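Welcome, and please open the model in your viewer. We will take it one selection at a time.

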Amino acid sequence: MIIEVENLKKSFGELNVLNGITTGINKGERIAVIGPSGSGKSTFLRCINRMEELTSGIIKFNGEDITSQDCDINLIRRHIGMVFQHFYLFPHLTVQQNITLAPVQLKIMSQNEALDKAKYLLERVGLADKLNEWPDKLSGGQKQRVAIARAMAMNPEVLLFDEPTSALDPEMIGEVLDVMKELANSGMTMYLVTHEMGFAKEVADRILFINQGEIYEEGTPSEVFDNPKKPRTIEFLSKVLRR
Amino acid sequence: MTMRNSNNKFSRGDYFLWAFAVIILVLLFQSGFFTAEAWQDFGRRFYQNFVYQERYMMLVNGLRSTIFMTSFATLIGLVVGVIVSVIRVAHEGGVHIPVLNAIANCYVAALRGTPVMVQLLIWNFTVFASARDLNTQYIAILAFGLNSGAYIAEIFRGGIGSIDRGQMEAARSLGLSYGTSMRFVILPQAIRNVIPMLFNEFIVLLKETSVAGYIGIDDLTRAGQNIQALTMEHSQPLLMVALIYLVIVMFLSSLVRRLEKYLSRSKRG
């Protein structure tokens with residue numbers, strides 16, 4: 001397993017958001033995390049690269065405990081890419097600089113290597129002509145595709161997607177999902193928090209249904225979507241799939 | 001641009017005209033403008049104050065000193081302000097630097113909580129009391145610089161605070177350290193946001209240096225007083241000094257407004 005999560009708990013003050021989650025992801029696996037708002041699915045994702053400090057529990061990356069004091073989280077994060085709901089492109093940098101900043105600053109690539117990588121990735125997300133564009137000149141869908149390219153520039157072993165299409169206009173969602181599908185088909189290991197049930201069903205190997213900070217039900221897409229067993233899952237799916 | 005800003009009653013040019021008109025009227029009224037005798041008197045005193053023995057050069061040199069002090073003090077303020085604000089922000093962001101943070105907090109509290117003139121006097125007559133060879137202008141630059149550093153630190157803190165925390169998260173998620181993220185992602189955006197406020201700080205400082213005369217520096221204000229002492233004339237030199245400050249400040253303010261407009265237009269979201 002690339003990532004193992006053992007009894008992960010997270011609370012914000014009095015509020016318990018995650019109440020002991022134990023799960024993991026294998027290389028090449030694509031896991032979609034679904035559930036009602038406020039169930040803790042984004043917090044779960046953000047704990048994996050310690051964007052959120054966990055309250056208790058253990059997270060292992062390639063067998064190494066990344067919650068221990070000795071672990072340099074910056075080194076781990078190089079291998080775990082993250083894509084945010086609101087893109088968070090760096091507005092003072094061009095598309096190319098957004099993508100090359102981290103690999104060059106971390107001395108993983110030379111400027112030229114990083115530039116070649118940026119060109120290759122932009123080609124892959126269908127934005128080859130936007131190399132020297134400023135982020136504010138891009139549409140939401142284009143921004144998110146650049147954000148994916150930026151995360152890919154570090155050659156991560158896992159990608160974490162935190163509701164990547166939730167802030168997009170409906171007509172922009174498709175282009176981002178296409179890019180993610182292409183990544184999935186290329187064997188990328190992915191954790192995806194999403195409300196796009198159709199996409200989750202099509203792309204994911206496994207579905208985690210999180211409710212009230214616990215993995216309430218999990219299984220293959222057909223198990224969870226077509227034959228949900230537990231009442232809360234049935235209720236949730238009946239509401240979101242009716243649309 | 002000739003278009004009027006609909007929010008303002010007067011355009012920039014109008015303000016200039018009004019300011020000039022008021023100052024000149026004051027000058028004229030106090031000299032008893034309406035008699036020929038007064039006219040001659042005004043002219044004679046103007047000659048005495050500014051022309052005779054090239055006394056206008058005292059104002060020119062004073063202005064030079066004022067601008068010199070203001071510029072270098074702003075530079076010191078910028079450097080100190082950035083360092084202090086980054087220390088305080090980093091501390092709030094979870095970087096463990098309690099001693100540095102305490103020093104930074106004391107610095108800001110002390111220098112913002114006391115009058116700049118008292119600080120200037122303390123630097124000159126207490127801290128550097130035994131360093132009589134030191135050019136007092138350097139002492140003034142240090143005093144004004146450290147003073148404005150405390151204000152600039154607050155400006156920067158606000159600027160950094162105005163950047164979406166997602167920017168830091170995005171940078172950190174790529175494996176960049178806190179410091180690298182701050183330097184390449186947060187600070188460039190924060191600085192851009194606060195440039196107009198930094199220019200304002202320069203304008204404030206330009207006026208604040210008018211107390212430099214208290215430690216014997218012939219700045220613009222003191223130059224006016226020096227002319228007063230020579231000519232026993234009380235109005236014209238100081239009104240002239242005020243006019244010079246006013247013109248410079250209004251000019252710089254108009255630059256700031258233009259800059260604000262430019263920055264807001266090209267702001268990238």
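**Stop one: across the interface**

Select Arg46(A) and Glu169(B): their side chains form a salt bridge, with N to O at 2.8 Å. The term means a side-chain nitrogen of Lys or Arg within 4 Å of a carboxyl oxygen of Asp or Glu. Between chain A and chain B the count is one salt bridge. This is a predicted model, in which local features need pLDDT of at least 70 and side-chain atom pairs pLDDT 80 or more, while totals for chains, interfaces and linings use all residues. Residues are numbered from 1 along each chain as its sequence is written, chains are lettered from A in the order in which they are written, and side-chain values use heavy atoms, without hydrogens and water.

**Stop two: the whole contact**

Now select the contact (heavy atoms within 4.5 Å): 24 residues come from chain A and 21 residues from chain B. The area buried between the two chains is about 2,100 Å², and carbon and sulfur atoms give 61% of it; buried area is the accessible area (1.4 Å probe) that two parts lose on being put together, summed over both. Which residues of chain A lose the most area to chain B? They are Tyr88(A), Pro91(A) and His92(A), together 26% of what that side buries.

**Stop three: a patch on chain B**

Next, pick Phe68(B), Phe72(B), Leu75(B), Leu134(B) and Tyr138(B), which make a nonpolar surface patch of about 460 Å². Such patches join nonpolar side chains (Val, Leu, Ile, Met, Phe, Trp, Tyr) within 5 Å, from residues with over 30% relative accessible area and no salt bridge; accessible areas come from the Shrake-Rupley method with a 1.4 Å probe, and for residues only the protein chains shown count as cover. Helix H3 (residues 56-92) of chain B gives the largest share, three residues, and Phe68(B) is found in helix H3 of chain B. Helices here are DSSP runs (H or I, at least four residues) and strands likewise (E, at least two), numbered from the N terminus.

Terms used. Patch = residues over 30% accessible without salt bridge, like charges linked within 9 Å, V, L, I, M, F, W, Y side chains within 5 Å.
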